[in-house]
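Hi,

Here is the structure I said I would pass on. Have a look at it first, and then read my notes below.

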Amino acid sequence: MSEGRFWALLLLFPSLLVITAVVLYPTATGFLLSVQELRLNRPQLGNDWVGLRHYADMVSDPVFWTSLKNTAVWVTASVIIELFLGLTAALALNRGLPGTRAFAVLILVPMFLPNIVAGHMWALMLDPRLGVVNDILMRLNLIDGYKAWFADPSTAMGAAIAVEAWHSFPFFTLLLLAGLKGIPEDLYKAAAIDGAGALAQLRLITLPQLRTVIAAAVILRVIGLVNSPDLLLVLTNGGPGRSTQVLSLYAFQTAYKDFDFGYAGALSVVMFALLMVFAWAYVALLRVDRD
Amino acid sequence: MRPVMNRRTALQLGAFAGLGSLIPRWALAQDGSVSYWHTFTSQTEVAGLDRVMALFAEARPGVTVTPEAIPNTEFMTKMTSAVMADARPDVVMVASERFTDMAAMGALVDITERVNGWERRGDYDDSRFAGITDAEGRIYGVPAFSFVDWMYYRKDWFDEAGIAPPTTLEEMRQAAIALTDPSKGRYGFGLRGGPGGQNYIVNVMEAFGAPVQVGDTLSIDRDQAVEAIRWYAGLLTQDGAVPASAPNDGFRQVIEGFQTGQTAMIWHHTGSFRDIASRLEPGVQFGTLAMPAGPAARVARLGYAYHAMSSEANADAAWSWINFWGEPDAGIAFLEETGYFPASTTVAQDPRISQDPLYAPAAETLGFGSVYPLFVGYPAWVENVVLPAFQEVLIGQTSPEGAVDQMVAGLEDASR
């Protein structure tokens, strides 16, 4: 080994050590948990290796399949709405109109709230007895009686997605606004000279230029949505019935209510695999590295 | 200018600091500091804890208590993580239904000898320790206060309608139907079908003759359980006598519904008496009743909050804090702030409790009430299987038969 290569490896060693400690070790532990028996409240079962038994159990577990389906709905709908709202807000803020700075701060306010606080706040606002949302909708004659949004399976998921979209669309606004600032003004001037209108400019300049930012933002948001059960935990706890049960919430309940860390580990590994496949497919489809 | 600290002084201080870190933990523990995890979060509970801590500091100044409030819903998550990381506090609060799981995962320390040798052990009826004693007779904690299941009802509405307070589930149903008037936003009963409602489902099944646990045997009489679920869910699906929000209604919604005049009856325990009395006049607008009897049994739970040792690092100081809750002054102070019943039999005979007619149903319940089923996995089964299955009946996604089949299958898994 050359001296230069030796020093390079030596200097990289601390970073490798940190990555191993904070990324690889916990990830590997999660994988190992998924092939072990580990039920905290049943120590008599031991901690033996069980191979792929937890994964096999998952196939015949109806709650897993319901959770998987709900996760797909929860994530897809939330990301589409958040991307649309975030892009709209970013485009508006990028116009440099008077008061833009104040609006930029206001738009970010929902994101400043922790999930738990936002969840409790919306649970009160959507409350069927005291909630302001029902009151407004009644006054506008949009509903004929106070609605229990989270108690009806036909509206529970929709209401939860609306709260999630309100809470997280500023994330897209922030990233997309940064992306918009990086697009050269000359491109728009040239397009205008060529007769391109606002919609054509959006389709032919803005969106292609934002492709990388959109890809990164969508991937980050999908990861966040798949992994975080806290908002649903507060709003519905997966109910009524299993109508808002998602994989992260199921894994959480399995670990911290059933104390079955083996099965919860297997659920987490499935989520991990789904996210890896999604991220790879999404980046490949968007051809982010084409430029 | 002369420096404040020269290099030699700095080195000496560093050496002393290094030596200090070598002092064993038990030596520091002599100052008697106790870390204490509890679930007190309401204003009245915090005021009650403050008073007990002040009394403790006065009575036993050698021990310092460092409390940490953990919301009830997050308590087991934090406790589980503490067990996994071997970072348990000295003293923890243990709710009755959590005892078996916490003991099984090694979160509690056996304090049988300390309890048996305690001079106030005679103040407690033996039954008070049943919920914190394992099958081998090991005692893990001391009951601090109790929650007695009972029913709150709108006395003024009942009087106005000329309806007698119900003593059976069927009378309760008829009263709920009679007092329901959706045009006024009034419903007969505030059914807790959301978080925390799971135990009532098990209670109704037992009242209909389908207890979950008989001795060490876990099973469900399917036919009786189906009847129970049909009756209980029917309050919404057939009678329309409960608010439509019932499938998602937890503690806050049920209490608010009663306080704001939406519901005529609710089931809860003695712990919410002060909260309800803050909005409605006791004895005039609302009254209390013992839980109504079902066709097969009258079921009400006696829930205890225990204090238990979770780590032996500061065992003597921890025991001092645990047993202080058995002192009459502490029990009465806590009762005055919160309305929570003292667990000590002696303290519970205080005239402020025994001579108050509103507390009479609780005293009656102490005669027939029972503790929650005690088997490992019970909290997870009721929360993750029983409640969602019952909710599915409420929202029409399954039948009572389908729900009971889910419960039976879940119970078989839980009992493995």
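One thing to start with: does N141(A) count as buried or exposed? Keep in mind that this is a predicted model. N141(A) has a relative accessibility of 67%, and since the cut-off for exposed is over 50%, N141(A) counts as exposed. You'll find N141(A) in the loop of chain A that runs between helix 6 (132–139) and helix 7 (153–181). Its backbone is worth a look too: phi of N141(A) is near 60°, which is a positive value in a residue other than glycine. For background, most residues other than glycine have a negative phi, and most peptide bonds are trans.

D86(B) sits in the chain B loop between helix 4 (72–84) and strand 3 (91–95). With a relative accessible area of 59%, D86(B) is exposed.

Back in chain A, there is a peptide bond to check. G239(A) and P240(A) are joined by a cis peptide bond, with omega at about 0°. P240(A) belongs to the loop between helix 10 (230–235) and helix 11 (247–256) of chain A.

Now for chain A as a whole. It has 12 helices and 0 strands, so if you read the elements from the N terminus on, you get α-α-α-α-α-α-α-α-α-α-α-α. The C-alpha trace of chain A spans about 75 × 75 × 30 Å along its principal axes. Of the 291 residues in chain A, 43% are buried. If you take the contacts in chain A between residues at least 6 apart in sequence, 65% of them join residues at least 24 apart.

As for the surface, chain A exposes about 15,600 Å², and carbon and sulfur atoms supply 70% of that area. One nonpolar surface patch, of about 440 Å², is made by V18(A), I19(A), V22(A), V23(A) and L24(A). L24(A) is found in helix 1 (residues 3–34) of chain A. With 48% relative accessibility, L24(A) counts as partly exposed.

Last, the charges: chain A carries 19 positive and 19 negative side chains. The centres of these two sets lie 4 Å apart.

That's what I have for now.

Cheers

Methods:
Residues numbered from 1 in each chain as written. Chains lettered and ligands numbered in written order. Predicted model: local features only at pLDDT ≥ 70, side-chain atom pairs only at ≥ 80, totals over all residues. Heavy atoms only, no water. Patch = residues over 30% accessible without salt bridge, like charges linked within 9 Å, V, L, I, M, F, W, Y side chains within 5 Å. Areas by Shrake-Rupley, 256 points an atom, 1.4 Å probe, with all protein chains shown as cover. Salt bridge = Lys/Arg side-chain N within 4 Å of Asp/Glu carboxyl O. Helix = DSSP H or I, 4+ residues; strand = E, 2+ residues; numbered from the N terminus. Buried < 20%, exposed > 50% of the residue type's maximum accessible area, 1.4 Å probe, protein only. Contact = heavy atoms within 4.5 Å. Lys, Arg positive; Asp, Glu negative; His and termini not counted. Charge placed at Lys NZ, Arg CZ, Asp CG, Glu CD.
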